[in-house]
Structure formats: C-alpha cells, structure tokens
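Please look at the protein shown here, with an eye to its pockets and its aromatic rings.

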Amino acid sequence: MKYTIKEILAEKKHRSWSYPTKNWMYYQEWNNALFFHYKINPAFLKPFIPPNLELDILENDAWISLVAFKMDNIRPRFLPSFPPISNFGEINLRTYVTKDNKPGVYFLTIEAEKLFSAILAKSLSGLPYEKSTIKKTKNSYKANHPKRDFILDATYTIGNHVENKTDLDLFLTERYCLYLYKNEELFRYEIQHLPWKINELNCTDLTINYHLDEINLHSKPDLMHYSEGVQVVAWEKVKL
C-alpha cells in the first residue's frame, strides 16, 4: 500500500523526537529489504566512529547490520524520479550511533547497482557509495564487490509477520536520522517514514563475506529480518 507524503508526515507517535519544521527535500523508497544483523565487540567498531558521535549500545552489545534492498523513486522535492537513475539495488553496512538523544545509523560502506547512480548519490549526499555488481530476483539477492572482496549471496523465503517487536527489533530498525562525517565535520540527515513492518527471514542458502579491519561478517547472522519496505522523506543535512 502506497501512502501520500501528507499521510507519512502525519504519523508521529512512533518517533522519540519531532522531525524538522522545515520543508523536506528528498523522497525515496526502500523496498524488499533484507536485514542481516550481527552482534559485535564495541572495541572493533570504535575506530570507525567519528569524534563527537557515540556508539549506541543495547545491553552491553554493539550491532552491525548488512542491509540489502531496492532503492526506488528517489528524487528531489520538486522533481520527478527518473527510473534509469532513481531505481537501483543497494547494500549498506551500517552500525548504530547516537548524539543529542537522537539515535541513528552510521554507514560504513554503501554499494549501488548502477555506476551513475553511485556517483550521483555520493556527490549529492556525501555518503560512501561505490559501484557493485548486484542481481535480485523474487527470492534471491546476489552481490559481488571485487574491489573490497565483498560477497552476498542469499536465497530466501519470507516468514511470519512480527506482530510484537522486541526491544532489539526496534533498536535495529526504528532509526530516524543518519550521520555523516566528511572533511572532519559531522552532519545529521533527519528522515521520516512509517514504522517498519517486519517479517521473519528464512535463508535456504546464505553466503556473506564482508570484512573491515577486525570486523569479519560471515554467513551466520545473529538475527535476520525482511520488510516489504518503507516510503521515506528526508531533510537536507545539518552541520552539528
């Protein structure tokens, strides 16, 4: 079910703080999302976290997530989307951070299916986009990033809807900002979407090989989720 932007902005009960009063600047859809979550030693993540940004911890554990999905209909506020550029497969490797009581995500790497989309997204957002080979079917998601020797190969079925989300489910999915560190400056992008509707994810075959220094993610996540996706509005970044 598609919602209007007015309907997306009207739903606020699930947020822990209000979104900006300024006009939003970007619209996008994150569809058919696969979440592979890993519990990780906070000491391994701290070297990747910028100054003045705090690693978010739940019950003494840090988490890192590999999220593979379809980016659709991304566009600026006053322009239509252009499918050859606006629609593409994306994989991000993210961890969980907080500042000023605003928990958000921090991207360690981002891969995009299309070269021009990766170049444009990196130029406009400052986020660490790189081109990768990505192929998606109804029940599989495959990616290969030879430059970093990253591999994702998942064949899956979608399980039961998660009716009662745990504190961990919420910690890993309900984040309404993202942080960017660029040229020794810290920025925040505020976002708004309806709560994620999540399902159990059952993988019949799964190969994951992602590594950054001491961080090595392999084929046995601690938790997995699937979501049909969310419609997202975002504001321009703000320097902190």
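The report below takes up the pockets and then the ring contacts of this predicted model.

## The largest pocket

The largest pocket has a volume of about 720 Å³, and 39 residues line it, with Gln-28, Met-71, Ile-74, Ser-125 and Tyr-129 lying nearest its centre. Several elements give two or more residues to this lining, among them strand S1 (26-40), strand S3 (62-76), helix H4 (115-125) and strand S11 (185-192). The largest share, six residues, is supplied by S3.

Sorted by class, the lining of the largest pocket divides into 27 nonpolar, eight polar and four charged residues.

## The second largest pocket

The second largest pocket has a volume of about 420 Å³ and a lining of 17 residues, of which Met-1, Tyr-3, Glu-228, Gly-229 and Val-230 lie nearest its centre. Both S1 and strand S14 (223-234) supply at least two residues of this lining, and the largest share, five residues, comes from S14. By class, the lining of the second largest pocket has six nonpolar, seven polar and four charged residues.

## Aromatic pairs

The structure holds seven aromatic pairs. One of them joins Trp-30 and Trp-196, whose ring centres are 6.3 Å apart and whose planes meet at 25°, so the pair is stacked. This pair links distant parts of the chain, since Trp-30 is in strand S1 while Trp-196 is in the loop between S11 and strand S12 (198-212), 166 residues apart. Are these two residues buried or exposed? Trp-30 has a relative accessible area of 16% and is therefore buried, and Trp-196, at 5% relative accessibility, also counts as buried.

Tyr-96 and Phe-171 form a tilted aromatic pair, with 5.6 Å from centre to centre and 45° between the planes. Here too distant parts of the chain are linked, with Tyr-96 in strand S4 and Phe-171 in helix H5 (residues 167-173), 75 residues apart. Both Tyr-96 and Phe-171 are buried.

## A ring cluster and charges over rings

Trp-30 and Trp-196 also belong to a cluster, in which ring pairs link them with Phe-35 and Phe-69.

The charged end of Arg-175 sits over the ring of Phe-171, 4.4 Å from its centre, and Phe-171 is the residue that forms the tilted pair with Tyr-96. In the other case, the charged end of Arg-15 sits over the ring of Trp-17, 5.3 Å from the centre of that ring.

Terms used
Residues are numbered from 1 along each chain as its sequence is written. This is a predicted model: local features need pLDDT of at least 70, side-chain atom pairs count only at pLDDT 80 or more; totals for chains, interfaces and linings use all residues. Side-chain values use heavy atoms; hydrogens and water are left out. On a 1 Å grid over the protein atoms alone, a cavity is a set of points where a 1.4 Å probe fits but cannot get out, and a pocket is an open set with protein on both sides within 12 Å along at least five of seven lines; lining residues have an atom within 4 Å of a point. Grid points are joined across faces, edges and corners, and a volume is the space filled by probe spheres set on the points. Helices (H or I, at least four residues) and strands (E, at least two) are DSSP runs, numbered from the N terminus. Ala, Val, Leu, Ile, Met, Phe, Trp, Tyr, Cys and Pro count as nonpolar, Asp, Glu, Lys and Arg as charged, and the others, Gly among them, as polar. Rings of Phe, Tyr and Trp (its six-membered ring) pair if their centres lie within 6.5 Å; planes under 30 degrees apart count as stacked, over 60 as edge-to-face and the rest as tilted. Buried means under 20% relative accessible area, exposed over 50%, partly exposed in between (1.4 Å probe, protein chains only). A charge sits over a ring if NZ of Lys or CZ of Arg is within 6 Å of the ring centre and within 35 degrees of the ring normal.
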